[in-house]
Amino acid sequence: MCYCMCTPNVLQLYMKYKEEPPIPRNMPPVAGKVTWVRQLSHRIEYPMLIFMEQSACLKTDEAKKIIRAYNRIAKVLVEYEVLYHNAWIKSVEVATTYLQVPVLVRHPQNQNMLLVNFDPYIFEVIKEAEYMMKLDLDIPESAKLLVHAKDKLKDHRNQMQMLLDENNSIRDEIPSVFQILLGPTLKKVDIAMRPGVISHTWTSLSLPAYFEEVKIALKELKIVVKQVNDIKIIRIDNMLKDISETLLCELPEKTPWTVDEFMQKMEVYCGAMTTEINKMSQVIEDAVKELICIFLQRAQMDQSSIQSGQTSETSSEGRN
């Protein structure tokens, strides 16, 4: 194909795909557009370099027409690259502001539900910056800092999500009958998480310490929930099931009994079953008493811890 035909074809491709050009898989949009427009530039630039070596050809009117067409299209392609590159640089500053938000946010429809407050656009900007460097394009210092902090940001986001998932998982295991009784322990977890909604941002140096505090609170909650669930299931629910399945009347297996035999056997059987049911009832009663002790102890411990934490927060705020 001659060069005079190549140039209009490139222009047609540009006009057709400039809004949504075909970009390589997994490449971010802006870097993909730059790569695409550079490929178009290469299609007209390489033949032009060869053409320029033929100095005799440059003096013809046809050559001058081709050179003007080349310059016009090359300018359009360069402006396209510069336009998207500059727009991306401005967007980097916006992305950095997303790191200044609290790490947690409450669900708009359910204030009791927490969500990780991390905008995925941050990682898109980081990916763009990595490709921009490969394309030998300038990137702002803030983008370089984002690239440098990529692994730390990803780790912090994943840790926060894991802690939220664990919190939700533990709470789902709490029977509704224990929700109020475990209120102080649940409140302790809420207090441990609260700084993530109020003060801790993705740039906070204290995030690792915050994660550790939440882990400790969740570990305590998990231990208590497992303890009370084990007591409820093994020593209460299972015992109640056994009591409900206990036969209160023994019946003959082969030959029928006389009335006297029936009364005599029933007296012995009922006595044995009464003893057995009393034992199971005692197990249930002891289990309930143990649960009451656990709830009271946890309430006292957690309430004391909550008050101590609130006092520390107040003192800290006063110093600040």
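Is Val189 buried or exposed? Val189 is buried, because its relative accessibility is 0%. Buried means under 20% relative accessible area, exposed means over 50%, and partly exposed lies in between, with a 1.4 Å probe and protein chains only.

A word on the model. This is a predicted model, where local features need pLDDT of at least 70, side-chain atom pairs count only at pLDDT 80 or more, and totals for chains, interfaces and linings use all residues. Residues are numbered from 1 along each chain as its sequence is written, and side-chain values use heavy atoms, with hydrogens and water left out.

Back to Val189. Val189 sits in helix α7, residues 183-198. Helices here are DSSP runs of H or I, at least four residues, numbered from the N terminus. What does Val189 touch, leaving aside its neighbours within four places in sequence? Its contacts are Asn167, Arg171, Ala217, Leu218 and Leu221. Contact means heavy atoms within 4.5 Å. Take Asn167: 22 residues from Val189 in sequence, and 8.5 Å away, C-alpha to C-alpha.

Now α6 and α8. Helix α6 covers residues 150-172, and helix α8 covers residues 207-244. They pack at an angle of about 20°, with axes 10 Å apart. So α6 is roughly parallel to α8. The cut-offs: under 35 degrees is roughly parallel, over 145 roughly antiparallel, 65 to 115 roughly perpendicular, and the rest oblique. Axes are lines fitted to C-alpha atoms, for helices over the stretch in contact, and angles run from 0 to 180 degrees between N-to-C directions.

Who meets whom? On the α6 side, the residues include Asn167, Leu163 and Ile170. On the α8 side, they include Leu218, Leu221 and Phe211. This contact divides into eleven nonpolar, three polar and three charged residues. Nonpolar covers Ala, Val, Leu, Ile, Met, Phe, Trp, Tyr, Cys and Pro; charged covers Asp, Glu, Lys and Arg; the others, Gly among them, are polar.

Next pair. Helix α4, residues 121-134, packs on helix α5, residues 141-148, at about 105°, with axes 9 Å apart. They are therefore roughly perpendicular. From α5, Ala143, Leu146 and Val147 make the contact. From α4 come Ile122, Val125, Ile126, Ala129, Glu130 and Met133. The count is eight nonpolar, no polar and one charged.

Last stop, Thr96. Thr96 is in helix α3, residues 61-97. It is buried, at 18% relative accessible area. A polar atom of its side chain lies 2.6 Å from the backbone oxygen of Glu93. Beyond its neighbours within four places in sequence, Thr96 contacts Ser142 and Leu146.

Terms used. Helix = DSSP H or I, 4+ residues; strand = E, 2+ residues; numbered from the N terminus. Polar contact = N/O pair within 3.5 Å; in protein donor to acceptor, adjacent residues only side chain to side chain.
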